[in-house]
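Please look through the sequence and the coordinates below before reading on.

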2 protein chains.
Amino acid sequence: MSERVVPAAARRRRRPTKQGVVLSEELIVETALRLIEEHGTEALSVRRLGRALGADPSSLYRYFRHTDDLMLAVADELIGRTMRTWRPSGDWRTDLRDLGLRMHAGALAHPRAAVLSAYRVTGRVYEIQAVEAILGVLRGAGFPDAEAVRIYHAYVDQALAFGALDSANTALPKPARDAEAAVWQATYARLPSDTYPHIAATARYLVATMRHSSYPAALDLLLSAAAARLAEIRGSAEG
Amino acid sequence: MSERVVPAAARRRRRPTKQGVVLSEELIVETALRLIEEHGTEALSVRRLGRALGADPSSLYRYFRHTDDLMLAVADELIGRTMRTWRPSGDWRTDLRDLGLRMHAGALAHPRAAVLSAYRVTGRVYEIQAVEAILGVLRGAGFPDAEAVRIYHAYVDQALAFGALDSANTALPKPARDAEAAVWQATYARLPSDTYPHIAATARYLVATMRHSSYPAALDLLLSAAAARLAEIRGSAEG
DNA sequence: ACCTTATGACAACACCGTTGACCTGTTAAG
DNA sequence: CTTAACAGGTCAACGGTGTTGTCATAAGGT
């Protein structure tokens, strides 16, 4: 053993697989993403990925230390794709709203990766660029550094957390999701108004909104609060 | 097979295990929670739980259809514990803040259950009570129904999402967590200020805040925005 | 006291991630 | 052009997982 994984830059001997495929970090990451896209969250295992690539599962351990490492790479690629298509307009609130929704959408498109990337710091290129960009928007808007960091942190974690939450839900096997919907219709919509007055009174709204993610609403609340804070700051700076 | 699981109410023959334990849904749920508490997230598997109970793993399938069902039961018990110790004061903002922090803390204490309960509707007793209580606080504060539901949804999902996010992080094996911390210190704190001016400028704040959960900050932002919205509503109602 | 049957136990299945030992084609040095 | 080193692919195995079909038995109603 000693060191099984060789850093991508130092790779030289491109020996093809028995089935003729030439492996690479990128090919593996792409295939993993494709697998998740096509066959859902649970389709991703080292063994299946090996099969999809036309390589022995254990070969992957020449490129990634564990499954986790692989998932971090996938996660970073995801961040990269989101950032690559983002064009800041100059208005901080619009930009952060837009970016938040993009990150959320990206997460939904790749549920399993989203869950992993949400609670891990990849420390890879794209992640760093994203951090820089968001901090830039906030500081550009006039938030003082400490405040910018505080809001940055809440903003990013919120996007990641909702992304993970909603995509975990998305990734449920179909019967389970149907069961969820049924619970709302069957259980919550029919609770008696004497024991559960508040639920009964709002049942129609509840059933309607529960279908959609609450992320946009939560995001708007956060941005409103930030805007209010900024107005305060500007006011006291002038006064 | 046909139907392996018998509803709790209909159980009659309390046959003890080979090792002399009398199983029950409650005992299983409690043991599962204890196992998570004592030996961390990964200590929970059907087989280990069976061992801890002194029963064959397959016996558990007489009580729960799959692991998932079991986890939902665990999740609901968690909600129950949180609600049982909550004493509303009458001030909506204080109460929601308090409850949010409690839910978050509860999630952190039981990482694996938190992750599961975050994206599932249990439809069980305690969950329903929680929904009723929160809606009650919001409507009592004067939010009109549609608005109350919108805020309820964002509030709950945010609590669950951050709970899951932070507890997933908590549940990382120790070496992985140390690695995370190292990434912040080693990578982010040392980026050159010419290519990453915003990160460099705020590095000290970044490193400091990244240690703590951003949930309290996010919660406060959400509640501020809700308060602002409420003031607006009251204003237009009077005017 | 008997019979039914709920419920526990057993054994097996198909999967999983990971690793140590082995083998071989590529490549760089002579 | 040959050759030797070794990166990188393969194989087989380990110990784990959730789940299920089948069997055995003690509890409880009659």
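**A walk through the predicted model**

Leaving out residues up to four places away in sequence, B:Phe162 touches A:Ala154, A:Asp157, A:Gln158 and A:Ala161 of one chain, together with B:His104, B:Ser167, B:Ser214, B:Tyr215 and B:Ala218 of its own. The model in which these contacts are found is a predicted one. B:Phe162 belongs to helix α7 of chain B, which covers residues 145-170, and with a relative accessibility of 0% B:Phe162 counts as buried, the limit for that class being under 20%. Between B:Phe162 and B:Met103, which are 59 residues apart along the chain, the C-alpha atoms are separated by 9.9 Å.

In soluble globular proteins, nonpolar side chains tend to be buried together. In this model the largest nonpolar core has 142 residues, and those with the most contacts inside it are A:Phe143 and B:Phe143. When neighbours within four places in sequence are left aside, A:Phe143 is in contact with A:Trp92, A:Leu138, A:Ala148 and A:Ile151, and also with A:Ala226, A:Leu230 and A:Ile233.

Chain A itself is divided into domain 1, residues 8-65, and domain 2, residues 75-238. Taken over C-alpha atoms, the centres of domain 1 and domain 2 of chain A are separated by 31 Å.

Helix α10 of chain A, residues 215-238, holds A:Asp220, which at 25% relative accessibility counts as partly exposed. Apart from neighbours within four places in sequence, A:Asp220 is in contact with A:Arg93 and A:Arg97. A:Asp220 and A:Arg97 are 123 residues apart in sequence, while their C-alpha atoms are 7.6 Å apart in space.

In chain B, two pairs of helices can be followed in turn. Helix α1 (residues 25-39) and helix α2 (residues 46-53) of chain B pack at an angle of about 110°, with their axes 10 Å apart, and α1(B) and α2(B) are therefore roughly perpendicular to each other. From α1(B), B:Leu27, B:Ile28, B:Thr31, B:Ala32 and B:Leu35 meet B:Arg48, B:Leu49, B:Ala52 and B:Leu53 of α2(B).

The second pair consists of α3(B) and helix α5 of chain B (residues 111-118), whose axes come within 9 Å and cross at roughly 100°; α3(B) and α5(B) are therefore also roughly perpendicular to each other. On the side of α3(B) the contact is made by B:Asp68, B:Met71, B:Val74, B:Ala75 and B:Leu78, and on the side of α5(B) by B:Arg112, B:Ala113, B:Leu116 and B:Ser117.

Helix α3 of chain B, residues 67-84, also contains B:Thr82. Is B:Thr82 buried or exposed? At 13% relative accessibility, B:Thr82 counts as buried. Not counting residues up to four places away in sequence, B:Thr82 touches B:Leu99, B:Arg102 and B:Met103, and its C-alpha atom is separated by 9.7 Å from that of B:His104, 22 residues apart along the chain.

Key:
Residues numbered from 1 in each chain as written. Chains lettered and ligands numbered in written order. Predicted model: local features only at pLDDT ≥ 70, side-chain atom pairs only at ≥ 80, totals over all residues. Heavy atoms only, no water. Core = buried A, V, L, I, M, F, W, Y, C linked by side-chain atoms within 4.5 Å. Buried < 20%, exposed > 50% of the residue type's maximum accessible area, 1.4 Å probe, protein only. Contact = heavy atoms within 4.5 Å. Domains from an automatic or database assignment. Axes fitted to C-alpha atoms, helices over the stretch in contact; angles between N-to-C directions. Helix = DSSP H or I, 4+ residues; strand = E, 2+ residues; numbered from the N terminus. Parallel < 35°, antiparallel > 145°, perpendicular 65-115°, else oblique.
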